[in-house]
Structures are given as C-alpha cells and as structure tokens.
Amino acid sequence: MINKGLRFYPKGSVGIVDVEDVASIMIQLMEKGEITAERYIINHLNIPNKDLLSVASVLMNKPEPTIEVSETLLQIASTVSSMLAVFKKSDSSLTKETAAASSAKLQYSNAKVQSLLNHSYRPLEQTLKEIANLYSKQ
C-alpha cells in the first residue's frame with residue numbers, strides 16, 4: 001500500500017520488531033538451558049501508525065499520510081469492503097477486526113526479555129530501508 005502512496009493513516013499504534021531480532025532472541029533464549037515454561041514478548045518499540053507510515057513513505061519517496069482516519073470510518077469502510085468482496089467473490093482486505101486493531105493504541109513491554117538478555121535491537125530505519133529497497137527492485 002505504501003508503495004502506491006498513502007494519504008490516510010489509522011490513529012492507533014503498534015509494537016514492532018525486526019524478524020532478525022526475533023530469531024536472535026529466540027536462539028539466545030533456547031541456549032539458556034535453565035529457562036522452561038516461560039513466555040516472552042519480543043518487541044523493539046511501540047510506535048504510532050502515523051509515525052511508522054511516515055518514515056516508510058519517506059524512505060520509499062512517497063508522500064507522507066496526513067489525514068487521520070477514525071475507528072468509526074474504518075468500521076464503515078470494512079463493512080463496504082466486505083460487501084464488495086461478496087460481489088467480487090474474493091476476500092476483503094479490510095475486516096472489522098483489522099479496522100479495530102489498526103485503531104487500537106497497542107503498547108507492549110519487552111522488559112522481561114531485556115532483563116534476561118539485554119539485547120540490542122536493529123534500528124527501525126535500517127529495517128525499513130531494507131524493505132523499501134526490496135520494493136523498489138520489484
């Protein structure tokens with residue numbers, strides 16, 4: 001979606017982490033033999049959707065989104081999208097669940113895993129640059 005340019009953004013926020021960080025942390029946790037039956041949240045940072053989409057847009061040389069979309073409008077759009085999908089005999093890319101999730105202000109703590117490993121995460125901009133480069137090659 002960003003590679004086509006976005007004008008709109010949902011008001012929520014997300015937790016984000018590079019897959020290389022996830023793999024590295026999982027390996028480190030498995031190598032610690034004394035850990036059993038534990039759950040960990042692996043999250044680098046919590047970021048508003050607008051900020052994430054803005055950074056990604058700049059890296060892809062696209063205009064930044066400037067118009068906030070409310071949860072109500074997203075729910076209406078998801079209903080319309082679902083109805084159109086029935087006529088097209090396809091799946092809707094915007095469901096009520098994805099509309100609600102994109103408006104939620106999600107916050108995840110990585111304190112438990114950090115206290116155990118003190119992991120250094122890859123910078124968000126580095127990850128997004130790599131993704132933008134992959135898109136530009138397509």
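Among the elements of this predicted protein model, strand S3, residues 45-48, has the highest mean pLDDT, at 96, whereas helix H6, spanning residues 124-136, has the lowest, at 87. Over the protein, pLDDT averages 90, and 96% of the residues score at least 70. Where pLDDT is low, the predicted coordinates should not be read in detail.

Helix H4 covers residues 96-103, and its buried residues are Ala99, Ser102 and Ser103. These three residues lie on the same side of H4, because the arc they cover around the axis is only 100°. An α-helix has 3.6 residues a turn, so residues three or four places apart point the same way.

The loop between helix H1 (19-31) and S3 contains Ile35, which counts as partly exposed because its relative accessibility is 21%, while residues are taken as buried under 20%. Leaving aside residues up to four places away in sequence, Ile35 touches Leu29, Tyr40 and Leu116. By contrast, 42 Å separates the C-alpha atom of Ile35 from that of Leu74, a residue 39 places away along the chain.

Tyr40, one of the residues that Ile35 touches, also has Lys112 over the face of its ring, at 4.8 Å from the ring centre. As for pairing between aromatic rings, the structure holds 0 aromatic pairs.

Definitions and conventions
Residues numbered from 1 in each chain as written. Predicted model: local features only at pLDDT ≥ 70, side-chain atom pairs only at ≥ 80, totals over all residues. Heavy atoms only, no water. Phe/Tyr/Trp six-rings, centres within 6.5 Å; stacked < 30°, edge-to-face > 60°. Lys NZ or Arg CZ within 6 Å of the ring centre and 35° of its normal. pLDDT = per-residue confidence, 0-100. Helix = DSSP H or I, 4+ residues; strand = E, 2+ residues; numbered from the N terminus. Buried < 20%, exposed > 50% of the residue type's maximum accessible area, 1.4 Å probe, protein only. Contact = heavy atoms within 4.5 Å. Arc of directions from axis to C-beta.
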